[in-house]
Amino acid sequence: MREVGRNDGVAIIEAGAGTGKTTTANVIVDAARRSGLKVIALAPSWVAADELTKSTGVQSQAIAKWRFDRARAQGSVLDEKTLILVDESGMTGTHELSAILVAAKDAGCKVALLGDRRQLAAVPGGSPLKAVSDIVRRNAVLDGVRRQKEEWQRAASVAMARGDAEAGLRAYVDRDRALFVKGEEAARSRTIAL
């Protein structure tokens, strides 16, 4: 949290699923507001932006919309009293993240990136979170899974986050917590029924 609190550059918080990103985002927003900062919350998709809005109370938007508004000189003005919070930054494309970082540098504002470079790849391509992490070399990592209550579920989540999906799924199968259905139509029907 110390890096996020600095008033310069970029802070990176890498965190896998269930490790506390939502709680961390709330703490960041609260601290920024108490410090008199305006918070601009962004995410690579509207779905992620909506989740960020729900979890932090900050009206969030998709990065594409933010860029569209900026190109037309609309939206919030960036200055040294602005914090740009980017959630799911591991799924943010190179051009999108570059646009955010350049705008922030030009305005003298802070950027906080929350994400997991191992989660889902950026749809537009590239791995800008990894690149920025490698350059900045000032990042925090949340790695203790907190969302799941059972120890075996935590271990399964960690295994999947490290790329061993088979081990993670096997833990659920071994405990009869996985449901197998045959065919797309059966899967759709079963999902709707749940």
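This is a predicted model: local features need pLDDT of at least 70, side-chain atom pairs count only at pLDDT 80 or more; totals for chains, interfaces and linings use all residues.
## Ground rules

Numbering starts from 1 along each chain as its sequence is written, and side-chain values rest on heavy atoms, with hydrogens and water left out.

## The overall picture

The protein has 9 helices and 6 strands. Helices (H or I, at least four residues) and strands (E, at least two) are DSSP runs, numbered from the N terminus. Of the 194 residues, 38% are buried. The burial scale goes like this: buried is under 20% relative accessible area, exposed is over 50%, and partly exposed is in between (1.4 Å probe, protein chains only).

## Two nonpolar cores

A nonpolar core here is a set of buried Ala, Val, Leu, Ile, Met, Phe, Trp, Tyr and Cys residues joined through side-chain atoms within 4.5 Å. The largest one has 17 residues, and the members that touch the most others are Leu-42, Trp-66, Leu-78, Ile-84, Val-86, Ile-100 and Val-111. At least two core residues come from each of strand E1 (10–15), strand E2 (38–43), helix H4 (63–71), strand E4 (82–86), helix H5 (94–107) and strand E5 (110–115). H5 gives the most, with 5 residues. Apart from this core lies another, of 13 residues, including Ile-28, Ala-32, Leu-85 and Leu-114.

Leaving aside residues up to four places away in sequence, Leu-78 touches Lys-38, Ile-40, Trp-66, Arg-70, Ile-84, Ala-103, Ala-104, Ala-107 and Cys-109.

E5 is mostly covered, with 6 of its 6 residues buried. Lys-110, Ala-112 and Leu-114 sit on one side, Val-111, Leu-113 and Gly-115 on the other, and both faces are covered.

Strands pair if DSSP finds at least two bridges between them. E1 and E5 pair in the parallel sense over 5 bridges, with Glu-14 opposite Gly-115 in E5. E4 and E5 also pair in the parallel sense, over 4 bridges, and there Ile-84 stands opposite Val-111. E4, H5 and E5 make a right-handed β-α-β unit; right-handed means that, with the strands pointing away from the viewer, the path from the first strand over the helix to the second runs clockwise.

## One aromatic pair

Rings of Phe, Tyr and Trp (its six-membered ring) pair if their centres lie within 6.5 Å; planes under 30 degrees apart count as stacked, over 60 as edge-to-face and the rest as tilted. By this rule there is 1 aromatic pair. Trp-152 and Tyr-172 form it, edge-to-face, at 4.8 Å centre to centre with 70° between the planes. Trp-152 lies in helix H7 (residues 151–161) and Tyr-172 in helix H8 (residues 165–174), 20 residues apart. Trp-152 is buried, at 16% relative accessible area.

## Lysines and loops

Lys-21 lies in helix H2 (residues 21–34) and is buried, with a relative accessible area of 13%. Its C-alpha is 9.9 Å from that of Asp-116, 95 residues apart in sequence. Lys-81, in the loop between H4 and E4, is partly exposed at 44%. Beyond residues up to four places away in sequence, Lys-81 touches Ser-35, Gly-36, Leu-37 and Lys-38.

Now for backbone angles. Most residues other than glycine have a negative phi. Ala-73 has a positive phi near 55°, sits in the loop between H4 and E4 and is exposed at 73%. Glu-88 has a positive phi of about 55° too, but lies in the loop between E4 and H5 and is buried at 17%.

Conventions
Contact means heavy atoms within 4.5 Å.
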